[in-house]
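Biologist: I have the model open. Can we go through a few spots in it?
Modeller: Go ahead.
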Amino acid sequence: MVFSWFSSLYCRLFPQTDTMTIFEKLRDHLTRYNQEHLVEFWDQLTDDERRELQEDINEFNLEEIQVIFRRANAGLQDVNEKLDDRLQPVPENLCMSVKRTDPLLLREYESEGLREIAQSHVGVLLMAGGQGTRLGFNHPKGMYNIGLPSGKTLFQVQAERIRKLERLAHDVTGQEGHITWYIMTSEHTMEPTRKFFEKHDFFGLREEDIIMFEQGSLPCFDFEGRILLDERHRLAKAPDGNGGIYRALYERGILRDMQNRGVLYLHAHSVDNILIRVADPIFVGYCVQQKADCAAKVVEKSQPNEPVGVVCIVDGKYQVVEYSEITSKSAEMRKPDGRLTFSAGNICNHFFTTAFLQRVAAQHEKELKLHVAQKKIPFVDANGERQTPEKPNGIKIEKFVFDVFQFAEKFVVVEVERNEEFSALKNADSAKKDCPSTAKQDIFRLHRKFIENAGGSVDGDICEVSPLLSYAGEGLTQIVHGKSFRSPVHLQSSMETLNGHL
């Protein structure tokens, strides 16, 4: 039998070695880590399937994988631990509330941010590895159209906010700076994402300023630490979470690209927030002036038992504590002014310096906490048949982007208004929460507020302002002041037609 590509290469390099020895070497390697079952069906595989299996196995350092499983398994024991006695809120002097800050000071931060953008010092890290499965959309979530009058997708809305911000920075400084957009995909979303951007001519951005890279993956394990087979020739794998961004930045050469381009500051966020202020100059400027190397945007929790993680201090270190990790008593604690003591709701919206990311990759990535979920994972049984279990049969492991807060030398928090900057898109409309309908309503409400603040009025609920016309409500007075618009309203940039009925 003619052997696989790997076997052919191996035989050319070692002509005295027969094909059985190659298999034995692979099996012996796996046996050292109690994973020899992965080649149990070797004799039943085609040459191509053997090559695929070999590549899957070679993707992982099994010694490291063994350590990861042990750490993850040990962490399972801490899942139900309550942290109340170890908690402290973020100190007031390290938490800037946009709502409670002098507008003149906010403009100062904004000017600082625009200056950094104009010098091409600012990049965006977009976490876009997820599929829209829960939306009933079998494509990358960034390609989803929530039903705005413009028909724009999440990717297009965010791209146009970047374009507008570059123009605003130019108008303020006279400099022609560019924002580099780093987009982290998963193995399955990379190709469709790349083709989508090409099809839409990169939404008007320069192709060289959009860098896509894949996040890593981790094997799925049974409860004894044996890697599951998804098929006889393929390992069961899952993305390593948004915290996998740190390893990917290093391994994919992205940190080196940042250094070569002179990018000093990064705004990192997930793809599914329709209200995201991409590369927000106020956020960037505040962090730069504070000399912070890491920061988080938060929203005030709506109620004590809202199921959202909270940014706080645990044992002297900043981290995000899940709502299940504190008791109702702590969740309901209030400050003298009546606000919740632990109110800083995490929204996956962060600032990093490039130097901090370099340090995390070099020194701390292997220290990141491992988050474990017991799942029903399809697997190949002893007979080589693929089974779909009816109850959890193994674990998936992932890392979270916020678990680097503890490594920051200067960490700050910026509290923003939820109705202006956070509306997640996670579920189908049937959930009636964090779904296309709520995202659409939130952007209509905000854009109507933009028009009203600029002296106009809107009759009706459907209202969209193009990001190319206004990034965050600025520049609308000359267009809408004293005018009344009837729904549906769609205000486009000055380069286009202004739709709306006067």
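Biologist: Leaving aside neighbours within four places in sequence, which residues is Asp280 in contact with?
Modeller: They are His267, Lys297, Glu421 and Tyr471, where contact means heavy atoms within 4.5 Å. Note that this is a predicted model, in which local features need pLDDT of at least 70, side-chain atom pairs count only at pLDDT 80 or more, and totals for chains, interfaces and linings use all residues. Residues are numbered from 1 along each chain as its sequence is written, and side-chain values use heavy atoms, with hydrogens and water left out.
Biologist: Where does Asp280 lie?
Modeller: In the loop between strand S12 (265-270) and helix H10 (281-289). Helices (H or I, at least four residues) and strands (E, at least two) are DSSP runs, numbered from the N terminus.
Biologist: Is Asp280 buried or exposed?
Modeller: Asp280 counts as buried because its relative accessibility is 5%. Buried means under 20% relative accessible area, exposed over 50%, and partly exposed in between (1.4 Å probe, protein chains only).
Biologist: Which side chain does the side chain of Asp280 join in a polar contact?
Modeller: That of Lys297, at 2.7 Å. A polar contact is a pair of N or O atoms within 3.5 Å; within protein, one must be able to donate a hydrogen and the other to accept it, and residues adjacent in sequence count only if both atoms are side-chain atoms. A polar atom of the Asp280 side chain also lies 3.1 Å from the backbone nitrogen of Ile282.
Biologist: How far is Asp280 from Gly113 in space?
Modeller: 7.6 Å, C-alpha to C-alpha, although 167 residues separate them in sequence.
Biologist: Changing topic: where is Asn427?
Modeller: In the loop between helix H13 (418-421) and helix H14 (436-453). With 16% relative accessibility, Asn427 counts as buried.
Biologist: What does the side chain of Asn427 make a polar contact with?
Modeller: The side chain of Arg134, at 2.7 Å. Not counting residues up to four places away in sequence, Asn427 touches Arg134 and Leu135, among others.
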